[in-house]
Amino acid sequence: MHFDYSNPKESNAAKLLRPLAGLVINIMFRPVCIGKENIPQSGPYIVASNHIQYFDPVILSVYFPRAVHFMAKSEVFENRLIAFFMSCFNSFPVKRGTVDRASLEYAKQIINNGWLLGIFPEGKRSKDGKLQKTKNGLAYLAKKTKADILPVCIYKTPGDTGRRKRITVRI
């Protein structure tokens, strides 16, 4: 799939899909959100979160009052249906393992437009839930754009032995 990096835009579909996504996320994960009052109401910033499951961008989109533009590995955009869904939630592809100048410029434009950039600094999901070594993209973008960073942690709630594992989002 070809992605147009020349014109950053916000999808209106995310506003329509957010309530439905919230319902699905609540059924699947029974999430608890701590620190929602720490979310700035305006201005550009970078939402930096760990990444433990495929649904993390959707989970975060449910809790943020404004649209978050997520960097996502380019491989997920090879499937048309998933690419469409990801685009509805303002995600854009980044080629991992290389310096993807097009996606970095696109990310800078998002921040310069006053929007929110979502990034998973580890560059991939953690299979065991433990933090991994971070990539340089977060520091590079924060330095170049002078954007503030809002740290977020998603984790499985300790001691939860239910069938549906409860997750906690700490902002």
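Visitor: How many salt bridges does a search of the whole structure find?

Guide: The search finds 1 salt bridge. This is a predicted model, in which local features need pLDDT of at least 70, side-chain atom pairs count only at pLDDT 80 or more, and totals for chains, interfaces and linings use all residues. Residues are numbered from 1 along each chain as its sequence is written, and side-chain values use heavy atoms, with hydrogens and water left out.

Visitor: What makes Lys 108 and Glu 105 a salt bridge?

Guide: A salt bridge is a side-chain nitrogen of Lys or Arg within 4 Å of a carboxyl oxygen of Asp or Glu. The closest N and O atoms of Lys 108 and Glu 105 are 2.8 Å apart, so the pair qualifies.

Visitor: Where do Lys 108 and Glu 105 sit relative to each other?

Guide: Both are in helix 4 (residues 101-112), 3 residues apart, which means that about one helical turn separates them. Helices (H or I, at least four residues) and strands (E, at least two) are DSSP runs, numbered from the N terminus.

Visitor: Why is Lys 108 called buried?

Guide: Buried means under 20% relative accessible area, exposed over 50%, and partly exposed in between (1.4 Å probe, protein chains only). Lys 108 has 14%, so it is buried. Glu 105 has 39% and is therefore partly exposed.

Visitor: How many disulfides are found in the whole structure?

Guide: The search finds 0. Cys 33 is in no disulfide, and the nearest cysteine sulfur, that of Cys 153, is 12 Å away. A disulfide is a pair of cysteine sulfur atoms within 2.5 Å, so the 12 Å between the sulfurs of Cys 153 and Cys 33 is too far for a bond. Cys 33, at 24% relative accessibility, counts as partly exposed, and so does Cys 153, at 31%.

Visitor: What makes strand 1 and strand 7 a pair?

Guide: Two strands pair if DSSP finds at least two bridges between them. Strand 1 (residues 32-34) and strand 7 (residues 167-170) are joined by 3 bridges and run parallel, so they pair. Ile 34 stands opposite Arg 170 in strand 7. Strand 6 (residues 148-156) is joined to strand 7 by 4 bridges and runs antiparallel to it.

Visitor: Which side chain makes a polar contact with the side chain of His 51?

Guide: That of Asp 56, at 2.8 Å. A polar contact is a pair of N or O atoms within 3.5 Å; within protein, one must be able to donate a hydrogen and the other to accept it, and residues adjacent in sequence count only if both atoms are side-chain atoms. His 51 lies in the loop between strand 2 (45-49) and helix 2 (56-63), and is buried at 12% relative accessible area.
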